[in-house]
Amino acid sequence: MKLFKPFILWSFILMSILYTNAQEKIYYSSSGHIRQIDFDTTQTPLLTPLVFLHQRMQLNNYNAFSVVDSFFPTPSFTSVRMSQTYKSLPVEGANMIFHYNNSRLFRYIGHFVEVNNIDTIGTISSDYANTVFQQYYQLHDTMVQSAFRQKVILENPDTSAANPILLCYKYIFCSNILYIDAATANIVEERSSIAEYNPPTDPIAYLYTDYYGAQYVPNQYDNGLYYLVNNNARLWLRNKPGNGFYQECNSRYPDQGLFIGPSHTLDAFYVVDKIVHYFKDTLEWNSYDNEGSVVEVIVNYPFSYIGYNNAGWAFDYHSIGNGKEAVPGPFPALVIGERYEPEGQHIGGCATFDILAHEFGHGFDQFTSRLYFSENPEGKSLSEGVADIWGCIVESAYAPYKEIWKSGEDVFQDFSCGRNIANPEDPLARSRICSYYQDEYYNSVYDSHLRGGVVSHWFYKVVEGLSEGSCALGVGIGMSKAAKIFFYAQRTFLAGSLSPFNNTDFISFRLATIQTAELLYGENSPEVLHIINCWTSVGLFDSAEMASSIISDNVLWDTPQTRLSDVFVTSGAILTITDNISFMRNRGIIVEPGGTLIINGGTLTSACPNEKWKGIIVKGIAGNDAQKGRVLLGKGSSIENAETGIYMPYGIAVNNPSVGDYYTPYNGICGNGMTIAVKSLFVNNLISIKASATEDATVSCNVDSCSFVINDDFCSAVGVPFKNHIYLENVKGVNIVRSHFSCEKGLSFSKAIMAHNSGFTVNYYCDQPILSGTICPPLHRQHSTFRGFNKAIVAENYQSINTFSVKSADFMDNNIGIEVSGVNNEAILECNFQIGRAMEEDEEPIELDPIESGRGSNYSMDKSYGIKLNESSGYRIEENYFVNTPYSFGSKIGSSIKNSGVSENLIYKNEYFGLDIAQEFIGINNGNSGQKGVKTVCNTFTNTISKDIEVLDITQDGDGLRVRQDGISNNSSNAAKTLRSAFCFFRTFVGLIFMK
């Protein structure tokens, strides 16, 4: 619609070239102005409004005409409504409507005003005009404030007066319009009419509504006035809060007048009529109660407890306020709050299809399913979700150009809508709604409007199918079928005896829709299967599916299947999986204490490619090996697209029997002899393996010859980025052997292993037998590898004595290989560090603010490290190889040691090749006796670009490096000291510098 309006204008202008002498039949009003022209278009293809107006009127340039709206009642019929202004002031009564049929102008209805050289400033002030208005109606101040006032140009109703055109203050108050001359303060005219210059014989009024443009509305003509006719609604007005009175504006009783004020009142009148017609014409349901009751519409109701812009369905009108006490109650009413525009900024009123159909849906519910009155806590959530659905259904019927899946998109200034049914987590919506039954978010909110999102989002999927970012269950069944199923489910299967209360919950509502679809379209029809699939996609299943998910014996799954609910492996039971098993979002496998899960060549993944499943949770009782869940992944097994592939809470061990292709790791069976995974694959999980405990706990967990991969198919699942392949917290006893970690997406915060207060080992596998008393030859060692991470291994420890070791591992294409904070006694031995992330051709480095990115003030994108230690002591860094990554940005630093203190620490026999800085020492790394602190000996520095060794932050004596490195004391007081090659040997000696 927004794109079509200018298209209409320019089309009319371009086609005006074809205008010649059209035969016309002209009707004039009593004042001599054109009221109506019927065109004979047999000789002319078309005639544009702008050409017609300028040729007929020949007014000066201060007069302007603009399109107010366009209306398309049929594909061939078009109406264009235009208004007139003079020096930007509205010209009262200058409303022109041009009717087209197949692009040919056939009728003009309306009125223009000849305005020339009128003073638009006026003589009296607006405050004085308010006083005149107040005295005329004997109003209170608050009532004056409730009136709508603007300055307009008006034809003088006194045709004998010297001034044919007047500048006036126009006041709209309930059913009246008052015009006050801005020069004399005289009352010029009082009206109570909504006439649109139709002849008395025309039964259609062409009215302009706020949200739905120019609309045809039935009207009747009486004594020169026009009144709306609506047999479906009685329109009431309550003034702004504090006035305390009602005035009936019932169009069926012309002598009582009609409120014509704020356009959202006309919207309400028009919209309610269409809602009732939809139920009657499409669903054969007469009004809200199927008894043909007239809908009481109360406009400008004071929602003082919420705000102006609101609407509601009053189940019992006496419970909402006074008024119409003479009519026996209780009876329902549709109430609409006053439209509110703070500081002149537009915020729409609530008289829109989606909002009023939502409230009318509550009325339909009151006389059918009575969800709102359910004794079940889920009833009110259902009723709100169902009401949102009715808003979408009716809006799609009468305003399909709107964003039908957004509720309240016309109301809010600071938000795109109130609730987004298509995208429940829309950050621009006022509220996030629930989209999955009893997930973490559902259980954290208690607003029935938000929980109702489960059913409204289900309906969206039923209509549209499942959009991008969701599981592909095929195309939707469309609005017509979906609305029919939805209507009959409420009317028939949930209506019951219409008792005051019922016990409907989400499960029973699900069953009602399935039974309705079966009745309408047949059992096992595509419609029924789609209904079931969509319920499944929002987390609602039947009891049979739930029952099949409890494993209490030895069970084999050797065929592909999709699991709709959580699977529980109970104590003593064994579930073996050898084929592909898919899980819906937020569903997974729970291995209870004493239960066993064996995955031998099978794949566990998400049923929805762009969503995550929950993963495997392994439970147990700490300290009781017999009551620990057991999990085995054998050769060829895979866990993919999980939130957490395997989660071991409480520091519980993971066990498996001897099945599949695996072997004894290099260091013998770990702990209790339990293995977690052998030759298995972990792909695109947010976290692949997580072991955590509230206190220091021991796990027996081996990861042997596995691959951990993040590739281009990774989906972040609701915007949550990849975290870590392995996450450890307050545990020890995790052994990683010959495993491979990679992150192909280059994600900014990626880590392979993240360890808090935890102990673990990373080691190689020897591919030949090892004789007693010997070690595996280097050529027969199969390394673990880490590639493509921001930080490959991060270890932090401030609460326990747990430590780690990494031996014979290869680090490639990482910003930081190993980063350590607070961990003591670690060992990093015989590893290869290729430092820096390789850039693609023409790629620019990404610069992030260190504080805003959460990386801390010491983070710098222009530096990469092999090893970075902070406040760590007792470590061994030995026989590692550090080299620069070709075609990478930034400085490359081999090892950086900060504040390792006065303890004995050793950096021994490492090789550094082609780096900017080979070794960096910051802060306190020296014992005052000269015999302790960091000792860096027998290291080889080759082709160093800047400095072999750099010492920073020397603020006092004792800072820097250990004084005695080779047994020869250098007691010079000069802070810049010279290290001797006697420490061991140097192949080259380039720029050895100490800095204070």
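Reader: What places lysine 380 over the face of tyrosine 372?

Author: In this predicted model, lysine 380 lies 4.9 Å from the ring centre of tyrosine 372. A charge over a ring must be within 6 Å of the ring centre and within 35 degrees of the ring normal, so lysine 380 is placed over the face of tyrosine 372.

Reader: What is the distance of the charged end of arginine 451 from the ring centre of tyrosine 442?

Author: The charged end of arginine 451 is 4.4 Å from that centre and sits over the ring of tyrosine 442.

Reader: How many aromatic pairs are counted?

Author: The count comes to 40 aromatic pairs. One of them joins phenylalanine 133 and tyrosine 171.

Reader: Why is the pair of phenylalanine 133 and tyrosine 171 called stacked?

Author: The planes of the two rings are 10 degrees apart, with 4.4 Å between the centres. Centres within 6.5 Å make a pair and planes under 30 degrees apart count as stacked, so the term applies. Phenylalanine 133 lies in helix H3 and tyrosine 171 in strand S8, so the pair ties together parts 38 residues apart in sequence.

Reader: Why is phenylalanine 133 called buried?

Author: Its relative accessible area is 0%, and buried means under 20%. Tyrosine 171, at 1%, also counts as buried.

Reader: What makes the pair of tyrosine 288 and tryptophan 313 edge-to-face?

Author: The planes of tyrosine 288 and tryptophan 313 stand at 70 degrees, with centres 5.2 Å apart. An angle over 60 degrees counts as edge-to-face, so the pair is given that name. Tyrosine 288 is buried at 5% relative accessibility, and tryptophan 313 is buried at 7%.

Conventions:
Residues are numbered from 1 along each chain as its sequence is written. This is a predicted model: local features need pLDDT of at least 70, side-chain atom pairs count only at pLDDT 80 or more; totals for chains, interfaces and linings use all residues. Side-chain values use heavy atoms; hydrogens and water are left out. Rings of Phe, Tyr and Trp (its six-membered ring) pair if their centres lie within 6.5 Å; planes under 30 degrees apart count as stacked, over 60 as edge-to-face and the rest as tilted. Helices (H or I, at least four residues) and strands (E, at least two) are DSSP runs, numbered from the N terminus. Buried means under 20% relative accessible area, exposed over 50%, partly exposed in between (1.4 Å probe, protein chains only).
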